[in-house]
Amino acid sequence: METSRYNALSAEERSVIESKGTERPFSGEYDDFYEEGVYLCRRCNAELYRSDAKFDAHCGWPAFEQEIPGTVTRLPDPDGVRTEIECANCGGHLGHVFIGERLTAADTRHCVNSISMKFARPTAGGQYYCDKGWEHFNVGQYEKAIGFYSIAIEHTKTGPWEGQCYHRRGWSYAKLNQHQQAIQDYDQAIGSDLEYDLAYSHRGQSYAAIGEHQQAIQDFDQAIGLDPEYDLAYSHRGQSYAAIGEHQRARASPMPR
Ligand SMILES: [Zn+2]
């Protein structure tokens with residue numbers, strides 16, 4: 001295992017994260033802690049839990065009713081009874097998960113050692129999650145990207161980057177061929193910024209993908225109107241003209257230079 005990219009751990013941290021120990025109850029940094037943010041793996045910085053999934057189980061350790069999807073692995077504990085949880089990215093020990101206690105509607109309690117995590121505040125009211133979405137988008141993890149963009153959108157109702165977040169979530173949906181969802185998000189992005197040429201162009205591409213080329217052409221027109229040097233928008237508009245049989249117009253929609 002390549003370990004040099006992981007955070008250096010103290011002996012106390014190693015005893016829990018690597019040797020599957022348990023910190024003393026009511027002793028951990030995040031047991032009685034309810035700020036808004038995200039909990040990362042202390043060893044590898046993977047995002048594990050959101051603060052809105054945290055609840056007070058009065059058990060002495062941080063309790064979460066759900067993980068960020070795909071970030072936590074469950075496996076049988078050597079005791080033959082419990083289910084251990086570990087970071088899906090680095091395998092660091094987190095704690096145990098308990099089902100059926102009826103403490104919350106999710107009926108699930110992730111009982112996590114504080115020392116296995118570190119807390120991060122979202123900066124600029126959600127920009128943190130927006131950036132995380134982009135990281136996942138860039139490596140082709142579109143479902144995860146959508147998850148983070150959704151968190152970012154939840155975390156703020158207004159803001160200069162809100163439209164960007166909708167736009168990028170829409171683009172993630174488009175990558176998964178969910179074009180109706182994508183169009184809804186592009187609508188939101190354009191609503192927040194009427195001069196958003198990239199969002200017009202992408203909405204046009206989603207309309208084209210579902211065969212609505214007239215709508216697509218309107219969007220490409222908008223994108224070109226906002227940016228007369230938008231090569232790709234000219235190209236896509238030409239393709240949509242061709243798709244509806246207007247080959248004259250397709251040919252008359254050249255690049256601007
Ligand atoms: Zn980890």
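## Starting with a pair of strands

In which sense do strand β1 and strand β2 pair, and over how many bridges? They pair in the antiparallel sense over 3 bridges, with β1 covering residues 38-41 and β2 covering residues 47-50. Keep in mind that this is a predicted model.

## Two domains

Now let's step back. The protein is divided into domain 1, spanning 11-120, and domain 2, spanning 127-252. Taken over C-alpha atoms, the centres of domain 1 and domain 2 are separated by 37 Å.

The domains do touch: 6 residues of domain 1 are in contact with 5 residues of domain 2. On the domain 1 side of that contact, you'll find 3 nonpolar, 1 polar and 2 charged residues.

## An open sheet

Next comes an open sheet of 6 strands, with antiparallel pairing. Walk across it and you meet the strands in the order β3-β4-β8-β7-β6-β5. The edges belong to β3 (54-55) and β5 (72-76), each with a single partner strand, so one side of each has no neighbour in the sheet. As a general point, strands of a sheet pair through backbone hydrogen bonds, either parallel or antiparallel.

Helix α2 (residues 127-138) packs against α3 at an angle of about 170°, with the axes 8 Å apart. The two are therefore roughly antiparallel to each other, and α2 passes α3 in a left-handed crossing. Among the residues making the contact are Tyr 129, Cys 130 and Phe 137 of α2, along with Phe 148, Ile 151 and His 155 of α3. By class, the contact of α2 with α3 has 9 nonpolar, 3 polar and 2 charged residues.

Helix α3 (residues 142-155) also packs with helix α4 (residues 162-175), at an angle of about 155° and with axes 9 Å apart. That makes α3 roughly antiparallel to α4, and their crossing is left-handed. The contact includes Ile 146, Ser 150 and Ile 153 of α3, plus Cys 165, Arg 168 and Tyr 173 of α4. Sorted by class, the contact of α3 with α4 has 9 nonpolar, 2 polar and 4 charged residues.

Can you spot residues of α3 that turn up in both contacts? Tyr 142, Ala 145, Tyr 149 and Ala 152 are among the α3 residues that meet α2, and Tyr 142, Ala 145, Tyr 149 and Ala 152 are also among those that meet α4.

## Helices α6 and α8

Which way do α6 and α8 run, roughly parallel or roughly antiparallel? Helix α6 (residues 197-209) and helix α8 (residues 231-243) pack at an angle of about 20°, with their axes 10 Å apart. That makes α6 roughly parallel to α8. Helix α6 passes α8 in a left-handed crossing.

In this contact, Ser 201, Gly 204, Gln 205 and Ala 208 of α6 meet Leu 232, Ala 233, His 236, Gln 239 and Ser 240 of α8. The contact of α6 with α8 has 3 nonpolar, 6 polar and no charged residues.

Definitions and conventions: Residues numbered from 1 in each chain as written. Predicted model: local features only at pLDDT ≥ 70, side-chain atom pairs only at ≥ 80, totals over all residues. Axes fitted to C-alpha atoms, helices over the stretch in contact; angles between N-to-C directions. Helix = DSSP H or I, 4+ residues; strand = E, 2+ residues; numbered from the N terminus. Parallel < 35°, antiparallel > 145°, perpendicular 65-115°, else oblique. Left-handed = near helix turned anticlockwise from the far one by under 90°. Contact = placed C-beta atoms within 7 Å. Nonpolar A, V, L, I, M, F, W, Y, C, P; charged D, E, K, R; others polar. Domains from an automatic or database assignment. Pairing = 2+ DSSP bridges.
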